[in-house]
Each structure stands twice: as structure tokens, then as C-alpha cells.
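This report describes selected helices and side-chain interactions of one protein model.

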Amino acid sequence: MANSISPLVGSGVARFREALVLFSVAVFIGVMVQGFMVIKTLGKGIVSEIDIAGAVSATLAAFTWIMLATVKGVPISIIHSITGGVIGIGIACFYMVSLAI
């Protein structure tokens, strides 16, 4: 987020709150329009086929980790958090198929 809105705020084009709203709207539109493609791309090679339940689970796991780290003040990588969620779904699916659960 900082890389996206800091030029707006730093140059005085927009106040922080305005830049935050603009950023939030742009991210929401991006997620709704192309978000599924990110999960689909991450799913190739990691998870042979990721369904909607797996995508939601990976997203919720990443969201929980990101919020926890943010509250604690730990700097983390968002993309690595999401990738970790997808890898977790892949491991879970592998063991569910292996153990016939």
C-alpha cells in the first residue's frame, strides 16, 4: 500500500485519507475483475486443481496471518503470505487424496 499511495500524499496531490480511499476502491475493483486469475496462476503447478473452497480457505488463511502480523507490527510480504496459503491448500489436498479422506 505504501508504494502505491506515498507519491500522492508526499507530493501533496491528495491527503492521506483520500489516497487511502482511492487505493481501497482500486484494489476492490482489481480483485473483483481479475482476482480469480491470481489464484488460478498461483494454483498452476502448486495445486493441480483449486476449487472455490480452496481459494477461499487460502485467502482467509493469508488474511488471518496478515492481520495478526500487522497488529503485532511485524513486516511481512503479502504475496508470500498468499502463496503460503495456496501451498497449504496444496499440501492439505495431497494428504486428503493420499489418505482417501
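A residue is called buried when its relative accessible area is under 20%, exposed when it is over 50%, and partly exposed in between, using a 1.4 Å probe and protein chains only. The model is predicted, so local features need pLDDT of at least 70 and side-chain atom pairs count only at pLDDT 80 or more, while totals for chains, interfaces and linings use all residues. Residues are numbered from 1 along each chain as its sequence is written, and side-chain values use heavy atoms, with hydrogens and water left out.

**Helix α3**

Helices are DSSP runs of H or I with at least four residues, numbered from the N terminus. Ile52 is found in helix α3 and is exposed, with a relative accessible area of 66%. The C-alpha atoms of Ile52 and Val71, which are 19 residues apart along the chain, are separated by 28 Å. The expected span of a helix is 1.5 Å times one less than its number of residues. For the 21 residues of α3 (residues 52-72) this gives 30 Å, and the end C-alpha atoms are 30 Å apart, which agrees.

The buried residues of α3 are Gly54, Ala55, Ala58, Ala62, Ile66 and Ala69. Viewed down the axis of α3, these buried residues fall within an arc of 100°, so they line one face of the helix; the arc is that of the directions from the helix axis to the C-beta atoms. An α-helix has 3.6 residues a turn, so residues three or four places apart point the same way. The face of α3 turned away from the buried side carries the exposed residues Ile52, Thr64, Val71 and Lys72. Just after α3, Gly73 takes a positive phi of about 80°.

**Helix α4 and Ser81**

The 21 residues of α4 should span 30 Å at 1.5 Å a residue, in agreement with the 30 Å between its end C-alpha atoms. Its buried residues are Ser81, Gly85, Val86, Ile89 and Gly90. Just after α4, Ala100 takes a positive phi of about 55°.

Ser81 lies in α4, which covers residues 78-98, and counts as buried because its relative accessible area is 10%. Leaving aside neighbours within four places in sequence, Ser81 is in contact (heavy atoms within 4.5 Å) with Ala62, Trp65, Ile66 and Ile76. The side chains of Ser81 and Trp65 also make a polar contact at 3.4 Å. A polar contact is a pair of N or O atoms within 3.5 Å; within protein, one must be able to donate a hydrogen and the other to accept it, and residues adjacent in sequence count only if both atoms are side-chain atoms.

**Paired side chains**

A salt bridge places a side-chain nitrogen of Lys or Arg within 4 Å of a carboxyl oxygen of Asp or Glu. The structure holds one salt bridge: Arg15 pairs with Glu18, the closest N and O atoms being 2.9 Å apart.

Rings of Phe, Tyr and Trp (its six-membered ring) pair if their centres lie within 6.5 Å; planes under 30 degrees apart count as stacked, over 60 as edge-to-face and the rest as tilted. By this rule there is one aromatic pair. Phe94 and Tyr95 form it edge-to-face, at 5.2 Å centre to centre and 80° between the planes.

The table gives the accessibility of the paired residues.

| Residue | Relative accessible area and class |
|---|---|
| Arg15 | 61%, exposed |
| Glu18 | 39%, partly exposed |
| Phe94 | 52%, exposed |
| Tyr95 | 47%, partly exposed |

Note on methods:
Helices (H or I, at least four residues) and strands (E, at least two) are DSSP runs, numbered from the N terminus.
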